[in-house]
Number of protein chains: 2
Amino acid sequence: MHFRLLFFCAAVLAACGLFYGCSQAIAQSGSALPVTVSFGTDISDDATWEVLSAFNTERKEDIREVKFEKGTYHFYPEKGREMFCYISNHKDVRIRTAFPLTGMHDLVIDGQGSTFIFHGRMIPFVIEESKNITLKNLAIDWADSFHSEGLIVANNPEEGTFDLKISEEYPYEIRNGQLIFVKPYYEHPLGQTILYDPKTNGIAYRTEEYTPLTSVARTTYKNFDKIKYKYPVDPRDAVNTIVGKERRLRAEQLEPGLVRIYNHTKKLPEAGMILTAKGHQWENRIAPAVRIVHSENFVGENVDIHHAGGMGLIAENTTDLTLRNFNITPSQGRMVSTTADATHFVGCRGKISITDCTFNNQLDDAANIHGTYQIVQDVLGANKLGVRMGHHQQQGFQIGYPGERIGVVDLEESFFSFAELTIKSVEKINSRYHVITFNEAIPEGVNAGQLIENTDAYPELLVQNCNISRNRARGLLLSTPRKIVVDNNFFGTEMEAILVPVESGHWYEAGSVTDLTITNNTFQDCNISGYDRGVIRFIPDDENENIAFSGIDISKNQFNQFDNLLLEINNVDDLRFTGNTITDSRTYSRLFPENPAVKVRASSNIIFEDNSYGGSATEMLDEGAKESGLKFR
Amino acid sequence: MHFRLLFFCAAVLAACGLFYGCSQAIAQSGSALPVTVSFGTDISDDATWEVLSAFNTERKEDIREVKFEKGTYHFYPEKGREMFCYISNHKDVRIRTAFPLTGMHDLVIDGQGSTFIFHGRMIPFVIEESKNITLKNLAIDWADSFHSEGLIVANNPEEGTFDLKISEEYPYEIRNGQLIFVKPYYEHPLGQTILYDPKTNGIAYRTEEYTPLTSVARTTYKNFDKIKYKYPVDPRDAVNTIVGKERRLRAEQLEPGLVRIYNHTKKLPEAGMILTAKGHQWENRIAPAVRIVHSENFVGENVDIHHAGGMGLIAENTTDLTLRNFNITPSQGRMVSTTADATHFVGCRGKISITDCTFNNQLDDAANIHGTYQIVQDVLGANKLGVRMGHHQQQGFQIGYPGERIGVVDLEESFFSFAELTIKSVEKINSRYHVITFNEAIPEGVNAGQLIENTDAYPELLVQNCNISRNRARGLLLSTPRKIVVDNNFFGTEMEAILVPVESGHWYEAGSVTDLTITNNTFQDCNISGYDRGVIRFIPDDENENIAFSGIDISKNQFNQFDNLLLEINNVDDLRFTGNTITDSRTYSRLFPENPAVKVRASSNIIFEDNSYGGSATEMLDEGAKESGLKFR
């Protein structure tokens, strides 16, 4: 039944000699015979080849709709399209896909309620240089997960061990004392770990005291001083990150499916908790569910992503993204959904709209919206800069396109750019080093070591009616100076619900916030894992008195927290905290009873009004804030 | 001084408005103003950027000569062009290069006696889809080697240990008991190892009794039966090769630079020998010196390659290659030159000429010339086959081009194809699975599991006046049915001097030999490491009575061997062994004194005449050969 309608339409259109003409008409008028490809469940055992074949014709750009009869479709890598992808905040990977959507436009992929089950190192949807792409009415899952889970069944404080019961769903072996989870097409060691509480199906209270497992020790080594590099070295890149370290933990099988772990130096995890493990950082993000780059107008609607070996959706250099009822939730009895962020947006433009979404149980933030800093390495001529990607997981990222404005930033002086240039061209010498030619001469004062950002590549953002909970890390990371509205969401996160950072020192994630409204949201027991942080937190990496953020309205929210600290305000000008209701959830014991409700530093024009405080903090404001005359009302 | 002549010529040509016209004229007539780029030693600290820039202009195809003032030039990866390369018999790698010679023609790169020192994961010369490219008068080396060496200073049979002295040239650390050699940009564990003898600067006599070090043990594991694959699995691929295994050897630092190795189960290496180590198989071939693919007429002349993390030269799908005084020799006091083959040719065409070359101390064969078998996986329609690469290090290899002839082979029936088709197109679905469309219908009898080979993609071969010695593994591996002449060479190899195989079961290296002349060569103490093999050996993987090889003339050679076995003849028709002189070198004790000089099986029309035998074998021929009436004269 494959291609039934494609062949039908193609025949009709070809018969009238208008195939390509019609296609043009469709593109221009938006109303013409749609070219539809329909798949039936007869291909469900492995749909890869048939689906790929549909995108492998000369007419692929004429496809307007791909429909799947409702069913469960498997996708295997063996006959998938291979691509080498540089993906921001992931490992650069050679992957396979059945949906290589490159150069496509005006395309709807409609699962009609189907579930797509992927096997191994695949990216379900690769969307590159495409326009008006809609995914809808489908669920994405993996047969075998990129992480593993085990139940803590005992610990022994005298020996400093704990015992892990591992179900048959997670085959493993022990190599030289290291526990390795072995899957089809993949394997991982313990690596990054966190505890889940099966009673709440969320991150365990105070897990930071137990996890991450203390996996690294220093090695016996000598004469590393003999290793000389001519150029700057990234200590976190694939080569350097493992030097000088060995594995501290040792695993021993007590009986099949029961493994004892030795040498953990934090608190011993307690029986009844579930340990989730995803392997070493920098190695474990290899298969996001949806990858979008340099595209326009993506819509994801009625989509459930139950797992990914990386993020649910990672979009780079893309304009206008709409997620409606686009959910990240675990399946198959797993604690974990995606092994990294639910969604992540780098250098996007236009408007990002995230409404009526559920982001649960993922192992990193619900949404992170930011630009990119790149480091000026060489002034190569009158109008050329050689720039280096600051973080190795930004390799390959193009900072902008001809005509866009580049700001040059000297963070020691200001969080905002002191010079502006416009891009003439970008040449990717290699994934880490690009040469940018500008339309203007490089001004005096632009020097190696400074940062550049694309001041045009920031989006507006709406996050509305979403449930963000049970996940590791933050809810929203906001780094865009355009209008942001966070309205009527529920937050129950491991770390901050909303973090507004300037990530200049490690992640090189650019973007100040200047117009942010946070309203009508419920914050329920955030910072559950034990970090001493605000539920909403404004914080630059660089510790100085300069203003980094402004134009903040936090109003009519409900904070129902077990602990005191609600707000951390650093380097902010013009913040109004009004009409909020604060209650004491008493769900857990307070961890930081000495904390005030609000901390303020290096900020100005902060206003508190009409708030209702029913929490347990003895002080509303920290000493510094009070001294400056601030009052919490 | 960079680009001096390029700018000069461009100016001249542009002034007469003939730049592109002249270029055309050059291409067509072969006589016009040459465009030359000259580099001076002022760029020698890191020549990468300047050299790359020369190949990074719109006019790059007009360059006819690139000259280097005599000197020592360093090349670093930081500003090199990045490429992802699928390289046969190597790991598929993301590398950097300063010489991305893609789509170039009629180009001479003349080092004028210079040495190019590379740093890290670079491929010095990447030549793709190019024509008439000459490299000459230059040496290639790496500042830091991709292998490591250590001196055995003691062993202790009671404890089963040996001690390794490691110089400061090879920084190392010990991680969880594993010895790791750490370099700039790279590291490797012991992995593949072999002993060198510093008295001969060659592979140690009987090293097979000591090495490779017994590095692998079986793991503790459970329920691997739960890991199900839908499709065939390659047990050697990157994922599967490490499952079920752990590291047997354990390292302990006795003092800085002195490391004790435990748990080796072969003979303990003896003091005075040098252990060379290059890391795990499938991981350690990442930086060949010269990579050529889909090109025509490559010439390498007066080139010295002192090292590479892989092969000296790997050519695929290329027509006509000439190597003259193209040498692989170690430098900087190292025992090892390249860590894999000196030269290797896959699916090449036309003629390969290798004359006046020295191939010393490399860790694999001097030259391997073969085609490729691919496995029929699916008959996809009247004229389409889906084929799978048999070996994971052939991923990405395109078996042929439109119009070329593909033979279908059923090795159980015959070593020669039973059906012939011609290629219409090849579609690379992914690196392991290609779809070939033929001009003809797929004949009856073509089924999944059979092999295909490109019967047009075999070259003639001349190997003349070469020194092939002190290396691990073989001298020549010959798998081409075209005319082969091996004349006036010196062989002193670890394994066979000349191996004529059908590598169908593991390496999928296709090509029978039908016209081979081996004449005027000297074979000196080959098979030194202790393999019970002929100096010249004809052997298919598949054990049957079918003829695989024919048209063999072995004449006027000198065999000066310490052991008996000279010739192993299996599945050969029409072989003449005439006018050869055999002497007993007495360099080492005989290892297999019971061996005859010649073994023959499943062969016909074998002639021995006018040979002079001064060796020590008590029998010239094995029992089977004698019973069939053969006589050694």
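Predicted model: local features only at pLDDT ≥ 70, side-chain atom pairs only at ≥ 80, totals over all residues.
Q: Where does UniProt place the feature "domain: GLAA-B beta-barrel" in chain A?
A: At residues 148–275 and 384–452 of chain A, according to an unreviewed UniProt entry.

Q: Take the piece at 384–452 of chain A. How much of that span is helix and how much is strand?
A: Residues 384–452 of chain A are 0% helix and 42% strand.

Q: And how far apart are the end C-alpha atoms of that span?
A: The end C-alpha atoms of residues 384–452 of chain A lie 13 Å apart.

Q: How many strands close into a barrel in chain A?
A: Six strands do, with antiparallel pairing.

Q: Let's zoom in on strands 33 and 34 of chain A. How many bridges join them?
A: Four bridges. Strand 33 covers residues 405–409 of chain A, and strand 34 covers residues 419–428. The two run antiparallel.

Q: Which residue of strand 34 stands opposite A:Val408?
A: That is A:Ala419.

Q: New topic: peptide bonds. What kind of bond joins A:Thr211 and A:Pro212?
A: A cis peptide bond, with omega at about 0°.

Q: Where is A:Pro212 in the chain?
A: A:Pro212 sits in a loop of chain A. Strand 16 (202–203) is on one side and strand 17 (216–218) on the other.

Q: What about B:Thr211 and B:Pro212?
A: A cis peptide bond joins those two, and omega is about 0°. B:Pro212 lies in the loop between strand 16 (202–203) and strand 17 (216–218) of chain B.

Q: On to backbone angles. What is the phi of A:Asn488?
A: Positive, about 60°, although A:Asn488 is not a glycine. This residue is in the loop between strand 40 (484–487) and strand 41 (490–492) of chain A.

Q: Why does A:Asn488 count as partly exposed?
A: Because its relative accessibility is 40%.

Q: What is the phi of B:Ala473?
A: About 70°, again positive, and B:Ala473 is not a glycine.

Q: Where is B:Ala473 found?
A: In the loop of chain B between strand 38 (467–469) and strand 39 (476–478).

Q: Does B:Ala473 count as buried or exposed, and why?
A: B:Ala473 counts as buried, because its relative accessibility is 0%. The cut-off for buried is under 20%.

Terms used. Residues numbered from 1 in each chain as written. Chains lettered and ligands numbered in written order. Heavy atoms only, no water. Pairing = 2+ DSSP bridges. UniProt positions renumbered as here; feature names shortened; annotations may be inferred. Buried < 20%, exposed > 50% of the residue type's maximum accessible area, 1.4 Å probe, protein only.
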